[in-house]
Amino acid sequence: MAELEREHVHAVYDAIAPHFSATRYKPWPVVDNFLRSLPLGSLGADIGCGNGKYMGVNKDVMILGSDMSRNLLQICRTRGFEALVADNLSLPYRTGSFDFSISIAVIHHFSTASRRASALREIARVLRCGGRALVFVWAKEQEGKRRFDGQDVFVPWTMNAKVYGTTTAAAGAGAGAGGGNDAGEAGPAAGAGGTEGTVVYYHLFVKGELESLVHEAGGLKIEAAGYDRDNWYVVVVKED
């Protein structure tokens with residue numbers, strides 16, 4: 001595991017898990033529609049499930065969650081979801097196990113192009129032939145206040161002082177979803193920060209980069225692609 005990811009992704013999400021979870025409760029429409037479109041009885045994987053906000057969207061399918069944050073997984077378990085500690089680069093599932101998978105705001109936390117491609121290959125590996133996956137990553141092309149000079153950035157995590165008594169989370173010692181802010185109480189601050197204090201690493205994807213990564217990973221066909229809520233996304237199908 002890259003040291004950068006350990007310090008500036010996994011450690012941060014474990015430290016901010018309760019605050020992160022408090023602002024991640026409303027499913028994004030594209031993800032909600034994808035999950036509700038699935039056939040009855042489908043088996044899926046939420047890879048980088050965070051607090052499990054997507055795991056109960058469609059009660060007619062079964063979803064197994066995985067994440068690197070033990071603290072976020074504990075929140076999943078208190079909600080009655082099945083979730084385990086697992087690395088996106090080495091998932092503990094048999095090849096071809098799942099009808100579908102989702103990876104929501106996770107792959108942008110991998111620090112090199114080769115690791116991001118490997119994450120996609122592992123998502124493809126656990127899908128059955130014809131299985132579908134939805135992948136979201138943070139976009140460099142932001143429509144809101146955030147502006148970034150480069151693609152590889154460290155973003156301070158901020159919290160509402162009135163709610164949490166502080167404006168920056170304390171550093172602590174897994175990774176779930178990042179990017180986006182459901183409640184406006186906590187989230188990545190506008191603009192890139194340095195590497196001091198509690199900052200989260202992101203690789204910001206430019207237009208077309210996610211599609212290129214899918215082609216590099218191999219074994220997946222792009223069914224749909226788009227932009228939503230400052231993120232790029234693709235729906236892919238595992239080829240025979």
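Visitor: What is the order of the strands in the open sheet?
Guide: The seven strands of this open sheet run in the order 3-2-1-4-5-10-9, and their pairing is mixed. Strands are DSSP E runs of at least two residues, helices are H or I runs of at least four, and both are numbered from the N terminus. Two strands pair if DSSP finds at least two bridges between them.

Visitor: What kind of model is this?
Guide: This is a predicted model, in which local features need pLDDT of at least 70 and side-chain atom pairs count only at pLDDT 80 or more, while totals for chains, interfaces and linings use all residues. Residues are numbered from 1 along each chain as its sequence is written, and side-chain values use heavy atoms, with hydrogens and water left out.

Visitor: In which sense do strand 1 and strand 4 pair, parallel or antiparallel?
Guide: Strand 1 (residues 43–47) and strand 4 (residues 98–104) pair in the parallel sense, over three bridges. Phe 100 in strand 4 is the bridge partner of Gly 44.

Visitor: What does Leu 43 touch?
Guide: Leu 43 belongs to strand 1. Leaving out residues up to four places away in sequence, Leu 43 touches Met 62, Ser 97, Phe 98, Asp 99 and Phe 100, where contact means heavy atoms within 4.5 Å. Leu 43 and Phe 98 are 55 residues apart in sequence, yet their C-alpha atoms are 5.5 Å apart in space. Leu 43 is partly exposed, because its relative accessibility is 28%; buried means under 20% relative accessible area, exposed over 50%, and partly exposed in between (1.4 Å probe, protein chains only).

Visitor: Which strands does helix 3 lie across?
Guide: Helix 3 lies across strand 2 (62–67) and strand 3, and runs at about 165° to strand 3.

Visitor: How do helix 1 and helix 3 cross?
Guide: The axes of helix 1 (residues 3–22) and helix 3 (residues 70–78) come within 7 Å and cross at roughly 35°. Helix 1 contributes Tyr 13, Asp 14, Ala 17, Phe 20 and Ser 21 to the contact, and helix 3 contributes Arg 70, Asn 71, Leu 72 and Ile 75.

Visitor: Where is His 8, and is it buried or exposed?
Guide: His 8 is in helix 1, and His 8 counts as buried because its relative accessibility is 7%. A polar atom of the His 8 side chain lies 3.3 Å from the backbone oxygen of Val 199.

Visitor: How many disulfides does the structure hold?
Guide: It holds zero disulfides, a disulfide being a pair of cysteine sulfur atoms within 2.5 Å. For Cys 76, the nearest cysteine sulfur is that of Cys 49, 3.9 Å away. Cys 76 is buried, at 0% relative accessibility, whereas Cys 129 is partly exposed, at 44%.

Visitor: Where does Lys 53 lie?
Guide: Lys 53 lies in the loop between strand 1 and strand 2, and Lys 53 is buried, with a relative accessible area of 14%. The Lys 53 side chain reaches the backbone oxygen of Lys 26 at 3.2 Å.

How values were computed: Axes fitted to C-alpha atoms, helices over the stretch in contact; angles between N-to-C directions. Polar contact = N/O pair within 3.5 Å; in protein donor to acceptor, adjacent residues only side chain to side chain.
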